[in-house]
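Look at the sequence and the structure, then follow each step.

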Amino acid sequence: MKIYVMEDYQKLSAKAAQIVSSQVTLKNNTVLGLATGSTPEGMYQKLIEMYDAGSIDFSEVTTFNLDEYLGLDPDHPQSYHYYMHHKFFNYVNIPSQNIHIPPGQENNTAETCHNYEQKIVNAGGIDLQILGIGVNGHIGFNEPAKYLNTQTHVVNLSAETISANSRFFSKESEVPRQAITMGMGSIMQAQKVILLASGKSKAEAIKETVNGKITTEVPASFLQLHHEFILIADKEAAAYI
Ligand code: GLP
């Protein structure tokens with residue numbers, strides 16, 4: 001595990017963008033695993049700036065997003081499809097056929113989940129996975145539970161996650177109750193994993209992730225077992241480590 005504690009959110013975002021950019025420069029056809037949420041927004045912004053400055057080329061890159069809410073239209077402003085296009089994809093040159101986001105329709109079947117997983121395998125697996133973290137230690141939408149799923153699956157969101165994510169919706173009742181997410185195995189099989197954490201609301205989860213026991217009650221704690229796990233946290237998120 002490598003830990004970078006950065007002065008502030010801007011520096012955290014710059015560090016993350018620098019690692020993504022180095023990866024893409026070293027391997028033009030990199031397969032990126034991408035995350036949503038407020039934390040990676042700064043990183044996407046920096047990557048767009050690098051692209052505009054001509055210092056990064058995404059033309060051979062393939063992407064797989066971690067998760068999506070069920071029941072939101074792809075053009076609903078809170079869907080992760082909308083987020084990814086409006087905060088990143090619309091501004092860089094990743095070919096549209098190389099972009100993958102789990103489908104958010106309500107009738108997702110085991111086959112839909114399996115197909116997503118199969119596409120990752122067919123692409124050669126994920127080279128670099130970006131993660132954020134929920135206040136309860138979730139990654140993607142792998143919620144604390146007695147058992148965790150290894151592969152892409154449909155999940156019921158926890159009350160904590162619904163409440164934390166309600167800030168993006170006009171009221172809590174509008175937050176979808178279910179999501180589709182890459183599983184723990186899909187994440188752990190990535191060659192390299194970067195976890196971004198910002199703000200004091202994440203400090204407890206980061207303490208448990210880095211120093212706590214490995215437990216399904218803190219899904220991010222499994223990252224301790226990853227051979228190339230990089231944590232980039234700002235001072236507030238790193239306060240207890
Ligand atoms: C959502 C996403 C996660 C993300 C988390 C934290 O629940 N499914 O992938 O890491 O939110 O979001 P934020 O960065 O906004 O705190």
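Q: Which residues does Met-188 touch, not counting residues up to four places away in sequence?
A: In this predicted model, Met-188 touches Phe-222, Leu-223, Leu-225 and His-226. Met-188 has its place in helix α6, residues 184-188. His-226 is 38 residues away along the chain, and the two C-alpha atoms are separated by 6.5 Å.

Q: Why is Met-188 called partly exposed?
A: Its relative accessible area is 23%. Buried means under 20% and exposed means over 50%, so Met-188, at 23%, counts as partly exposed.

Q: Why is His-100 called buried?
A: The relative accessible area of His-100 is 15%. The limit for buried is under 20%, so His-100 is buried. His-100 lies in strand β5, residues 99-100. Its contacts, not counting residues up to four places away in sequence, are Thr-62, Thr-63, Phe-64, Asn-65, Tyr-116 and Lys-119.

Q: What makes β3 and β5 a pair of strands?
A: Strands pair if there are at least two bridges between them. Strand β3 (residues 62-65) and β5 have 2 bridges, in the parallel sense, and therefore pair. Thr-63 has Ile-99 in β5 as its bridge partner. β2 and β3 also pair in the parallel sense, over 4 bridges, and Gly-33 stands opposite Phe-64 in β3.

Q: Which way do the residues of β3 point?
A: Thr-62 and Phe-64 point one way from β3, Thr-63 and Asn-65 point the other way, and all are buried. In a regular strand the side chains alternate between the two faces of the sheet.

Q: What makes β1 and β5 edge strands?
A: The open sheet has 7 strands in the order β1-β10-β9-β6-β2-β3-β5, with parallel pairing. β1 (2-6) and β5 each pair on one side only, and are the edge strands. Helix α1 (residues 9-26) packs on this sheet, and its direction makes about 155° with that of β10.

Q: What makes β4 and β8 a pair of strands?
A: They are joined by 3 bridges and run antiparallel. Pairing needs at least two bridges, so β4 and β8 pair. One of the bridge partners is Ala-179 in β8, which belongs to Tyr-69. The order of this open sheet of 3 strands is β4-β8-β7.

Q: How do you know that Lys-27 and Asp-127 form a salt bridge?
A: The N to O distance between their side chains is 2.9 Å. The cut-off is within 4 Å, so the pair is a salt bridge. Lys-27 lies in the loop between α1 and β2 and Asp-127 in the loop between α4 (110-122) and β6, so the pair ties together parts that are 100 residues apart in sequence.

Q: What makes Lys-235 and Glu-7 a salt bridge?
A: Their side chains meet at 3.1 Å, N to O, and the cut-off is within 4 Å. Lys-235 is in the segment after β10 and Glu-7 is in the loop between β1 and α1, 228 residues apart. The structure holds 6 salt bridges.

Key
Residues are numbered from 1 along each chain as its sequence is written. This is a predicted model: local features need pLDDT of at least 70, side-chain atom pairs count only at pLDDT 80 or more; totals for chains, interfaces and linings use all residues. Side-chain values use heavy atoms; hydrogens and water are left out. Buried means under 20% relative accessible area, exposed over 50%, partly exposed in between (1.4 Å probe, protein chains only). Contact means heavy atoms within 4.5 Å. Axes are lines fitted to C-alpha atoms, for helices over the stretch in contact, and angles run from 0 to 180 degrees between N-to-C directions.
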